[in-house]
Amino acid sequence: MVPTVTAGFISCTLSLLLSLHAATAAQIVLEDFRVEPMSLRLGESFVVRARAVAKEVKLGSFLLRTANEVKKEKALPGFPLYANGYYYVAEGKTYHLLDNGPLDRDKAEGAFAIEISTRDWKEGRYPLAFFASNRPATGPFIAARHDFAVTVRGAQVTIEDLGGSSPAKSRTITEFAVQPATVQAGQPVQITVRFMPKAVASLKLTDAYYIAQSELLPGFSYDAEKKKSLLAVPAQDGAASLQLDTRGWPAGAHHLVLQTLGPTGRMVDERPFAIKATGPNDRLEVTVEPSVLFGPGTHFGRFVKLRDGTLLCADKLSRDGGRTWQPGTGGFGEGAEQLRDGTVIGLVYRCLPIKEKEGWYSVTRFMSKDGRHFEKDEAEVFVPEAKGAMGHGPHVGPLFMRSIIERKDGSLVAFMAGWFKSDTALCPYGRGRPYSRSYVCESGDGGHTWRYLTTIGYDQIGSEGYNEGSMRRLPNGSWLTVMRTGNAHDFKCQDNPIMWSVSRDEGRTWSKPQRTGLKGCYPSLAVLNDGMVVMSYGRPGAMIAFSADAGRTWTDATCVDATTGSGYTDVVEIEPGLLLVGFGTQDYLDPQSGERISGLRLARVRYASRLTRH
């Protein structure tokens with residue numbers, strides 16, 4: 001399916017791109033990254049070399065740590081500092097390694113070289129991550145990352161370059177095409193690549209994230225140590241062409257990555273993409289238009305659509321269906337809802353403990369009479385069993401999950417997540433994190449005071465347990481919620497389903513959560529005028545899927561953007577048959593500059609029944 005875009009769409013979005021260019025100019029890139037030597041004897045040392053360039057931001061420091069969370073008792077020689085589940089190379093008591101600091105062997109400005117000894121390393125594979133960032137400065141985290149793995153087998157040590165974010169990565173592949181991107185299982189897919197032959201020794205297809213062996217596609221081999229699939233791509237004289245056999249592929253969107261490897265096996269470039277295999281229950285023709293820049297960041301927030309059609313997102317508003325945006329609302333928190341009297345109410349993400357009031361938490365509340373100008377105050381939340389815990393970071397109380405619904409009697413229900421005192425079972429995510437739960441709180445005074453109502457889901461499921469999600473009222477009056485249970489980054493668990501649950505009594509009781517058949521992070525719902533429900537979700541990429549039966553089954557899974565990083569999304573209906581999808585990106589390949597950038601993006605998505613089109 002070939003995306004289409006009209007000249008009017010281009011002209012409307014051009015001013016948006018120009019006005020937001022400055023907001024996304026801050027960037028740090030690794031112009032060079034090397035580990036030398038790539039093969040050595042146990043006890044010898046290797047050197048990590050990098051050269052970083054900062055644009056519109058100051059380069060603050062470098063960092064070298066374990067790429068994945070590890071238990072504290074599994075210390076790694078040469079990485080003495082343990083924090084947030086990782087072991088770090090340290091300068092004294094900090095893991096920020098300064099340019100020209102005591103560990104830097106390259107005194108050129110912006111260049112960094114550090115020697116790491118493998119003495120006393122035990123046999124095994126050690127994925128490591130190197131960063132150049134703006135830290136320790138405050139504000140948004142701006143960084144470039146490059147990963148590599150050190151494998152110890154007997155007395156031999158080998159190093160594998162796993163790739164990272166750098167403009168140079170994007171210049172060894174000069175042409176890349178996948179046709180068609182939507183197929184019926186069994187229909188061949190043609191992949192064609194042109195690349196710089198002097199820089200590339202081989203090509204392969206692999207996965208964006210870890211997969212279970214049960215997810216292996218026919219024709220691919222499975223590397224159980226890396227938990228990824230592999231298919232070699234034959235190449236000659238700077239060109240490669242592969243006809244991919246999709247016989248036996250299950251219905252859905254299949255995310256893959258084409259990687260080019262240098263002579264030492266180092267990954268020098270990559271192209272993520274998705275192939276949609278239609279299923280017998282798919283009934284829609286879905287067209288994704290090219291995305292445009294919305295603003296800086298990597299984690300997309302929430303749309304709020306007012307009854308007059310105005311869209312709110314972050315601190316901006318749009319009166320033309322998201323084509324142009326004006327700043328100045330001041331923002332509405334993590335999520336908001338327009339009530340029947342026109343008031344818009346929102347809350348921030350984190351609730352903070354109130355001193356000397358056991359079980360009580362404060363949360364910033366946003367209120368607006370017109371949806372254009374918000375005022376904020378402090379509301380209180382009573383969840384007597386809540387406790388703090390380590391999630392993706394330290395949390396001290398309940399977390400608001402972007403959704404509020406007004407009941408018929410005017411009371412409010414908010415979707416929350418977090419941990420209770422009884423939630424002690426540890427999940428595969430590690431770092432001492434217990435399985436989390438999703439629940440709801442209610443308010444009878446316009447959102448000034450909230451009290452715990454009931455739990456929607458708690459179980460030892462996925463790599464994290466129930467957490468991020470969305471809650472919406474359906475046309476039949478019931479309420480639907482969808483919930484994340486894990487993280488595709490987690491090496492120890494590849495079964496991380498998105499779950500659904502329904503309430504028929506305005507949030508007081510909920511059905512036992514069931515699998516949607518999809519997986520990903522921060523699922524978000526929108527109820528459409530035709531009665532269907534659309535869900536956006538991510539990781540890998542940004543995705544949408546549709547349900548015609550109130551969330552029980554989901555079909556027509558479609559990739560909006562295949563960029564591997566981020567995965568936080570939202571979706572809103574602009575008009576019948578037209579959606580606006582917002583998504584965050586890390587290392588998005590800019591088709592104009594060829595560089596990889598990070599930012600929040602918007603894509604218009606059109607859908608129609610195949611029966612009405614043919």
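Predicted model: local features only at pLDDT ≥ 70, side-chain atom pairs only at ≥ 80, totals over all residues.
**Who sits beside strand 13?**

Click on Glu175 and you'll find it opposite Arg194 of strand 13. Now bring in strand 18, residues 239-244, which also pairs with strand 13 in the antiparallel sense, over six bridges. Here Arg194 has Ala239 as its bridge partner.

**Into the largest core**

Next, select Phe46, Leu64, Phe79, Trp121, Phe130 and Phe148. They are the residues with the most contacts inside the largest nonpolar core, which has 31 residues. Which elements give two or more residues to this core? Color these strands to see: strand 1 (27-36), strand 3 (45-55), strand 4 (61-66), strand 7 (111-117), strand 8 (124-133), strand 9 (143-153) and strand 10 (156-164). There is also a second, separate core of 23 residues, and Val189, Leu217, Phe220 and Val233 are among them. In soluble globular proteins, nonpolar side chains tend to be buried together.

Zoom in on Phe79. Beyond its neighbours within four places in sequence, Phe79 is in contact with Leu64, Arg65, Tyr87, Tyr88, Val89, Ile116, Trp121 and Leu128.

Then go to strand 1. Is it mostly covered or mostly open? Mostly covered: seven of its ten residues are buried. Strand 1 runs antiparallel to strand 3, and nine bridges join the two. For one example, look at Ile28, which stands opposite Ala54 in strand 3.

Now select strands 23 to 26. These four strands form an open sheet in the order 23-24-25-26, with antiparallel pairing. Strand 23 (303-305) and strand 26 (326-327) are the edge strands, each pairing on one side only. Between them in the order, strand 24 (residues 311-313) is joined to strand 25 (residues 316-318) by three bridges. Leu312 stands opposite Leu317 in strand 25.

Jump to Gly582, in strand 48 (residues 578-589). Is Gly582 buried or exposed? Its relative accessible area is 0%, so Gly582 is buried, the cut-off being under 20%. Leaving aside neighbours within four places in sequence, Gly582 is in contact with Phe300, Phe303, Tyr568, Thr569, Asp570, Arg601 and Leu602.

For a contrast, pick Ser422, in the loop between strand 36 (412-420) and strand 37 (437-443). Ser422 counts as exposed because its relative accessibility is 53%, and exposed means over 50%. Select Lys387 too: Ser422 and Lys387 are 35 residues apart in sequence and 9.2 Å apart in space, C-alpha to C-alpha.

**Last stop: an empty space**

Rolling a probe the size of a water molecule over the atoms shows where empty space is left. A search of the whole structure finds two cavities of 30 Å³ or more. To find it, select its lining: Gly541, Ala542, Asp561, Thr563, Gly565, Gly567, Phe583, Gly584 and Thr585. Strand 48 gives the most to this lining, with three residues. By type, the lining has two nonpolar residues, six polar and one charged.

Definitions and conventions: Residues numbered from 1 in each chain as written. Heavy atoms only, no water. Buried < 20%, exposed > 50% of the residue type's maximum accessible area, 1.4 Å probe, protein only. Contact = heavy atoms within 4.5 Å. Core = buried A, V, L, I, M, F, W, Y, C linked by side-chain atoms within 4.5 Å. 1 Å grid on protein atoms, 1.4 Å probe; cavity = no way out; pocket = protein on both sides within 12 Å on 5 of 7 lines; lining within 4 Å. Points joined across faces, edges and corners; volume = space filled by probe spheres on them. Nonpolar A, V, L, I, M, F, W, Y, C, P; charged D, E, K, R; others polar. Pairing = 2+ DSSP bridges.
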